[in-house]
Amino acid sequence: MENKLSIEKSVPGRRGVRVETPKGAPQAYLPAGCLRKRAPRLPEMSELDAVRHFTNLSRKNYCLDSHFYPLGSCTMKYNPKAYDVLSVLEPFAQAHPFAPEEAVQGTLEMLYELQEMLKEITGLAAFTLQPAAGAHGELTGILTARAYFDARKDKKRTEVIVPDTAHGTNPATSHMAGYTVVNIASGPDGCVDKTALKNALSERTAVVMLTVPNTVGLFEKDIREIADMVHAAGALLYMDGANFNALIGVAKPADFGVDLMHLNLHKTFAAPHGGGGPGSGPVGAAAHVAPYLPKPLVEKKNGKFTLNGKMPKSLGKMKAFYGNAAVCVRAYCYLRQFDGTTLKNIAENAVLNANYVRVCLKDAFPAYFDAPCMHECVLTIQKDKMNGVHTTDVAKRLLDFGFYAPTIYFPLIVPEAIMIEPTETENKESLDAFILALKRIFEEAVSQPQTVHDAPHSQPVKRIDEVSAAREPNLRW
Amino acid sequence: MFTSNTPENKKEMLAKIGVSSVSELFASLPEGLRYPVLNLPEALTEAALSRHVRELAAKNKPLLNFIGAGCEEHFIPAAVNALSSRGEFLTAYTPYQAEASQGTLQTIYEFQSCICELFDMDVCSASHYDGATALAEACAACLRINGKSTVLYSAGLHPHYKTVLKTYLKHVPGLKLEEIPLKDGVTDVHALKEKLTEQASCFAAATPNFLGQLEPMDEISSAVHGAGALLVSVVHPLSLGVLQTPGQYGADFAVAEGQSLGNAMNFGGPGLGLFTCKKEYVRQMPGRIVGVAKDKDGQRAFVLTLQAREQHIRRERAASNICSNEALCALNAVIYLTLLGPQGIKEVAQLNLERAHQLKDLLRAAGHKVEFEGPFFNEFVLRLNAPAKTAVKKLAKKGIGAGFDLGRVRKEWADLLLVCATETKTKEDLCAYVNALEGFVYGK
């Protein structure tokens, strides 16, 4: 398949878009020392050349619109087309962050109502929509905790406790916020080992970060007790809400005793992933930590909506402007299509689909923890039967069967992990087809392993030697 | 909504799982906490939603916009959104399975290449959240590189960037953050030199700065490098069609808000953080990077690379916690730059220069006082005869976004208005602006 770069198709003098001809040279306005010397080497293409170039590139992608995309922990649910239209409405797109507030009441009202709905769903007292992604939300949450302890002059709390099943972002976030990371091992059932937690908790503990449900797809069954232990030690409980799709409408995190949490609007709330963003990672806070959230927050005063930056205890700002508003419109639209009784259908169908996949695959790829799962199941491979076929090979072979691969080799505590999150928007037929493909791959691994080792066979490129890229990095033309 | 399992499907699936109801699957949740009352508005059909959201959007009032201050109105060719909104780009995720994600990976490689070319810098990441977080991460990288403890920054940085910088860095043990004052609207280089002690890790400055003025980057660069510190430059990407590049004056890191490259304003988000540096610092560059690899037939392919810097490998020892970034906004930027080409980017930059200078001349001719005399790109400061706040309010009533009231930053700047004119403004627009501002001429 043709894989030329745009610059390799460039022909001097071609133009993709014509703009008005400037009247004077830059020298007419600026001293010579301020000017650029060499023209940038950008592609020169007609509009059609460019359209064809990017259209053909897009066709080399698997995506949710075309393929089942069971990427665990990423909640690749359907992104309704109505929101593609509504999120780019001209008045939203043309709103300037410093426009007089009377000119952006629509945007502010949308943001305010979204804050309110997220508060209701989680039971938390306040929500900021400022963070631009999940990891950004984590950092916001941990810095909020830090501001809370600093205000109490509680300087001895220097540690964040993180279970070994956590997303890599949790320890990385804690480190960025200036905390020492204390890792604790999980129990044999895949949940937090309460004894390990008890031993790790001390007057040095600032925050315990838990992903709920956790990354092996299980609900932390002792969550209430854990919250009590954390609070008794004077620390705060942070919930990584990346997996909230399992709980939405079924339980409110505030009821577990959570003090702070983030949500991923590009996961649970149906905003598309865009090949890696833009996302949105709102952070919710219980009343005692809410004053420390980043400023500003959207408020409603006398029927008007306003950005209130007068938050004297606030940790500061996490981003230049207030949140990824264009992503927030999509989440707002999504929530407006449910009500108090139908919201739970999301979590229920997500959990049903994941358990169905888990049970149907138990002979080929058994679950690492043999228990009902939440929204995703974590499977492993049967090494003794599979002739040296590894999880990577299974993932690559799945591409040949027309499926994107699950998340693999995560969580780290599961050997050869295959983490499957079907989401609620897939129907039974697509799950059955996926299950059948994985069973076939298992049979291939038993009888003709080379086919699996050599996969993929159907993609624009063959198996890529990823190490070759790091050896002598070529990162640009 | 959006689920498609029929009651019949559910029955079959539950039987296969071996439970009698879906709620049994939630048995590990504490019983008293299951199925809380949710007080949410009524559910809307798509048709009702469409009507409702359009009514909401209509509560935003269109403005003839002269506000910049870190977010600008520019023309976006239709092909940009037509291509980036294709489901193949929009509904894919981070290209973990490279073989089935070559489209996204190649576009990121082309994005990195275009930005490196525009900036004259060696390497570029796949993107950051926005200009402010890119700046904070660049300063954090400097601290890791030279192990020094003081971050100096110009008072000319965007006030929100300063706040983000402080928020990100204040927990670094032993860190000192110091602001270098302005003189005549640009960094006071003499004051900077005095602060460039042995402990200075880096100096961060924006050009154009928040007041629209171009900083003397050659002079700043030699002062900073002469003192053994690193230079972090915050640039305006579109301006680089004509302006001196960070590569020309030897910036070690050059970051920017990339919204002006093919992305709508959207109330300031999503932005597009552009992050570039010299190649010797690539391993301290946070965020995803795409590189060229070979497949097993020796064919060229693209992959995420240098991942040993990242959180999913290094956990608490990672350069940053960033994972999701602003990939789709980066895609908009690379399509925009591909459509414009080298000549187009130069012309758009020239048009910005031209419009802003035309506006300045028209305002001067009407008796207005322009606060600073130095070179600028598409934004400049006016001194009014009344608080800028009043002018902003008055012009808003006429449907004009007058600019940014600098009194929001400093009390002594209350009468200063930051005005931006981009290529979107016609001569008639400029005249309408001058007329609307008639009662605010300084000295009258």
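Trainee: How many residues of strand β12 of chain B are buried?
Mentor: This is a predicted model. Strand β12 of chain B covers residues 300-304. The strand is mostly covered. Of its five residues, the buried ones number four.

Trainee: Which residue of β12(B) does B:V292 stand opposite?
Mentor: β11(B) and β12(B) pair in the antiparallel sense. Five bridges hold that pairing. Within β12(B), the residue opposite B:V292 is B:F302.

Trainee: Which residue in the turn of the β11(B) and β12(B) hairpin has a positive phi?
Mentor: The two strands form a hairpin with four residues between them. One residue in that turn has a phi of about 85°. That residue is B:G298.

Trainee: Which residue in β11(B) is the bridge partner of A:I464?
Mentor: β11 of chain B, residues 290-295, also pairs with a strand of chain A. That strand is β13 of chain A, residues 464-465. Two bridges join them, and they run antiparallel. The partner of A:I464 is B:D295.

Trainee: Which element gives the largest share of the side of chain B that touches chain A?
Mentor: The contact takes 169 residues from chain A and 165 from chain B. One element of chain B supplies 22 residues of its side. It spans residues 327-365 and is helix α11 of chain B.

Trainee: Is B:Y35 buried, exposed or partly exposed?
Mentor: B:Y35 is in the loop between α1 (7-17) and α2 (46-57) of chain B. Leaving out residues up to four places away in sequence, B:Y35 touches A:V250 and A:K344. Count the other C-beta atoms within 10 Å of B:Y35: there are 14. Burial needs 20 or more and exposure 12 or fewer, so B:Y35 is partly exposed.

Trainee: Which residues is B:C139 in contact with, leaving aside neighbours within four places in sequence?
Mentor: Contact here asks for C-beta atoms within 7 Å. With the sequence neighbours left aside, the partners of B:C139 are B:V151, B:L165, B:L169, B:C202, B:A204 and B:V232.

Trainee: Does B:L192 count as buried or exposed?
Mentor: B:L192 is in helix α8 of chain B, residues 189-195. Setting aside residues up to four places away, its contacts include B:L152, B:I180 and B:F203. There are 22 C-beta neighbours inside 10 Å, so B:L192 is buried.

Trainee: What is the radius of gyration of chain A?
Mentor: Chain A has 15 helices and 13 strands. For its 477 residues the globule rule gives 23 Å. The chain comes close to that, so it is as compact as a globular protein of that length. Its radius of gyration is 25 Å.

Trainee: What percentage of contacts in chain A join residues at least 24 apart?
Mentor: Burial first: 61% of the 477 residues in chain A are buried. Now take contacts between residues at least 6 apart in sequence. Those joining residues at least 24 apart make up 72%.

Trainee: Within what arc do the buried residues of α8(A) fall?
Mentor: The buried residues of helix α8 of chain A are A:I223, A:I226, A:A227 and A:V230. They line one face of the helix, because, seen down the axis of α8(A), they fall within an arc of 100°.

Trainee: What covers the buried residues of α8(A)?
Mentor: Both helices and strands of chain A take part. Among them are α7 (194-200), β4 (205-211), β5 (236-241) and α9 (253-256).

Trainee: Which strands stand at the edges of the open sheet of four strands in chain B?
Mentor: The order is β13-β14-β17-β16, with antiparallel pairing. Two bridges join β13(B) to β14(B), where B:K369 stands opposite B:R383. Each edge strand has a single partner, so one side of each is left without a neighbour in the sheet. The edge strands are β13 (369-370) and β16 (404-405) of chain B.

Terms used. Residues are numbered from 1 along each chain as its sequence is written. Chains are lettered from A and ligands numbered from 1 in the order in which they are written. This is a predicted model: local features need pLDDT of at least 70, side-chain atom pairs count only at pLDDT 80 or more; totals for chains, interfaces and linings use all residues. Two residues are in contact if their C-beta atoms, placed from the backbone, lie within 7 Å. Two strands pair if DSSP finds at least two bridges between them. The radius of gyration is taken over C-alpha atoms; the globule rule is 2.2 Å times the number of residues to the power 0.38. The arc is that of the directions from the helix axis to the C-beta atoms.
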